[in-house]
Amino acid sequence: MRDGDRLMAGAARHSGPWPFLLALAAVSGAAAELAMPYLIGRSIDTGGAPGWLIAAVAVVIGCECLAVLARGLTGARAAAWIRRAVVRHVLGAGTLMRAHAPGELTLRAGLNADEAGRAPEAVVSAVALVVPTAGALIALTLIDPRLTLALGAGIVAIVLILRAFLRTGGALSGAYQEVQGRIAARLAEALTGARTIAAAGTAEREAGRVLAPLPELRAHGLALWRATAAAGVRAGVMTPVLEVAVLAAGGWLLAAGQLTVGELYAAARYAVLGSALGGALGYVGQLARARSAASRVAEVLAVPPMTYGTRELPPGPGTLEFRDVPAGDLVVAGGTCVALVGRSGAGKTMLAELAGRLRDPEHGTVLIDGVPLPELSRRSLRAAVAYAFERPALLGETVGAAIGMGGADIGGAARAAQADSFVRLLPDGFATPLAAAPMSGGERQRLGLARALAAPRRLLVLDDATSSLDTVTERRVSDALFGQYGGRTRLVVAHRATTAARADRVVWVEEGRIRAAGTHGELWREPGYRAVFAEGAL
């Protein structure tokens with residue numbers, strides 16, 4: 001919880017002036033409410049209607065209006081700050097976030113961030129209720145110290161109830177949110193394979209799998225409801241009990257001539273105000289949910305981000321070196337093409353990710369033109385390496401923006417990636433909004449390839465980037481890779497023997513290690529290598 005508490009404190013600091021205004025409104029309103037019983041009591045005893053009473057009523061109304069506004073803006077700004085922090089951290093950490101499923105991350109950046117953002121308003125509102133409680137104790141003491149004893153005993157009981165509920169509510173809220181995360185993760189997985197599920201006719205079975213944790217979610221929800229109800233009943237009972245106790249003591253003092261009627265009325269009202277601490281139950285429940293949500297968000301932020309150095313990459317051909325990494329040593333000469341070949345799960349993608357520092361090796365070093373990748377600045381590294389993936393995420397508002405920005409050769413890259421043929425058919429060509437450009441998997445891959453080719457990079461990494469292309473299209477893309485873009489260093493995850501045959505060198509990967517390296521013709525003599533290209537092996 002400590003990391004979560006620090007996160008909530010940071011959210012409060014970044015919420016602008018609104019937490020302060022909320023505290024000011026809550027405390028000022030509570031102070032005005034505290035003054036009203038005294039002013040009404042004086043009016044009863046003197047028969048007048050002092051202007052101070054009217055002013056107090058106006059202050060209460062004004063403070064309540066300001067509190068409503070400040071409460072909403074405090075929560076919104078705090079949640080926005082947390083959400084931005086999570087999104088930046090997740091995108092910065094990249095593949096380091098593999099421990100968290102995409103659906104789980106979405107829930108934590110969405111619902112959990114929103115719940116955690118409500119912590120500042122809950123804390124301020126709950127603490128503000130201490131003002132009327134403390135003021136009521138002081139006021140009753142000034143009226144008659146004997147009235148304070150009954151109220152003080154009840155307040156202690158309310159504090160114990162709230163404290164116990166904060167612990168219980170936090171544990172139950174955390175369990176509830178954890179099950180929500182599992183459901184979200186399963187739903188995200190199902191949505192990724194929605195077409196497969198529909199084609200296989202397994203929608204009902206998959207829905208059952210996604211919603212399997214619902215009974216557990218219901219159990220935690222009911223437990224939280226029961227705990228809230230039980231605490232609410234205990235705290236709620238204290239208000240009439242305290243009021244009756246104070247009225248009984250006050251009535252006895254009134255009969256003895258030691259209190260006036262106005263003072264008795266004031267004492268009764270102060271009893272109600274003093275027990276208002278029981279109204280903090282809702283804020284305590286909100287704080288319990290916020291703390292558990294903040295703890296879940298803090299787990300994401302605890303994943304160390306990718307750090308970068310300050311060095312700039314010197315001029316060079318793009319020579320890539322793997323030194324003492326778990327997969328083994330490898331040198332990719334500048335300007336050459338190396339094909340990574342291996343069965344599914346052999347470790348090809350792992351090497352592709354190491355090449356552009358999407359991940360760091362457990363040990364050893366990866367270098368470009370003699371410079372270790374961790375020593376490079378972010379700008380220098382990303383300006384040197386371009387990636388194309390099997391399922392690329394298309395970024396930007398339009399098709400053209402998804403391929404490249406600024407001075408990038410969008411048209412030439414699209415032609416080389418065989419993407420211009422379908423882009424020309426779109427309503428506005430490259431200016432067509434992505435949302436208005438439905439695409440097949442192969443068309444998305446071609447846009448991803450065009451993006452990798454559009455800007456000059458000394459290293460080009462293709463990770464299953466042609467897996468959805470037909471043989472003819474893949475051949476044409478291959479012609480561009482070995483023709484007009486042949487001056488770049490290329491690391492290609494190869495699925496077809498024809499692609500491996502065109503590469504300058506082939507690296508055969510097996511069980512996470514480099515088994516052999518050479519030309520396609522040299523390796524073809526090995527039966528195990530030939531078996532890699534058998535149907536289903538890749």
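The residues of the lining of the largest cavity divide into four nonpolar, three polar and one charged, where Ala, Val, Leu, Ile, Met, Phe, Trp, Tyr, Cys and Pro count as nonpolar, Asp, Glu, Lys and Arg as charged, and the others, Gly among them, as polar. This is a predicted model, in which local features need pLDDT of at least 70 and side-chain atom pairs count only at pLDDT 80 or more, while totals for chains, interfaces and linings use all residues. Residues are numbered from 1 along each chain as its sequence is written, and side-chain values use heavy atoms, with hydrogens and water left out.

The structure holds one cavity of 30 Å³ or more, and the volume of the largest cavity is about 40 Å³. A cavity here is a set of points, on a 1 Å grid over the protein atoms alone, where a 1.4 Å probe fits but cannot get out, and lining residues have an atom within 4 Å of a point; grid points are joined across faces, edges and corners, and the volume is the space filled by probe spheres set on the points. The lining consists of Leu462, Thr466, Glu474, Val477, Ser478, Leu481, Val492 and Thr499, and its largest share, four residues, comes from helix α19 (residues 471-482). Helices (H or I, at least four residues) and strands (E, at least two) are DSSP runs, numbered from the N terminus.

Several strands are paired, which requires that DSSP finds at least two bridges between them.

| Strand pair | Bridges | Direction |
|---|---|---|
| β1 (residues 320-323) and β4 (residues 365-368) | four bridges | antiparallel |
| β4 and β5 (residues 371-372) | two bridges | antiparallel |
| β6 and β7 (residues 459-463) | five bridges | parallel |

Leu320 stands opposite Ile368 in β4, while Leu367 has Pro372 in β5 as its bridge partner. With two residues between them, β4 and β5 form a hairpin, and Asp369 in the turn has a positive phi of about 50 degrees.

An open sheet is formed by six strands in the order β6-β7-β8-β3-β9-β10, with mixed pairing. Because β6 (385-389) and β10 (513-518) stand at the edges with a single partner strand each, one side of each is left without a neighbour in the sheet. From one strand to the next, the twist averages 15 degrees, with axes being lines fitted to C-alpha atoms, for helices over the stretch in contact, and angles running from 0 to 180 degrees between N-to-C directions.

Key: 1 Å grid on protein atoms, 1.4 Å probe; cavity = no way out; pocket = protein on both sides within 12 Å on 5 of 7 lines; lining within 4 Å.
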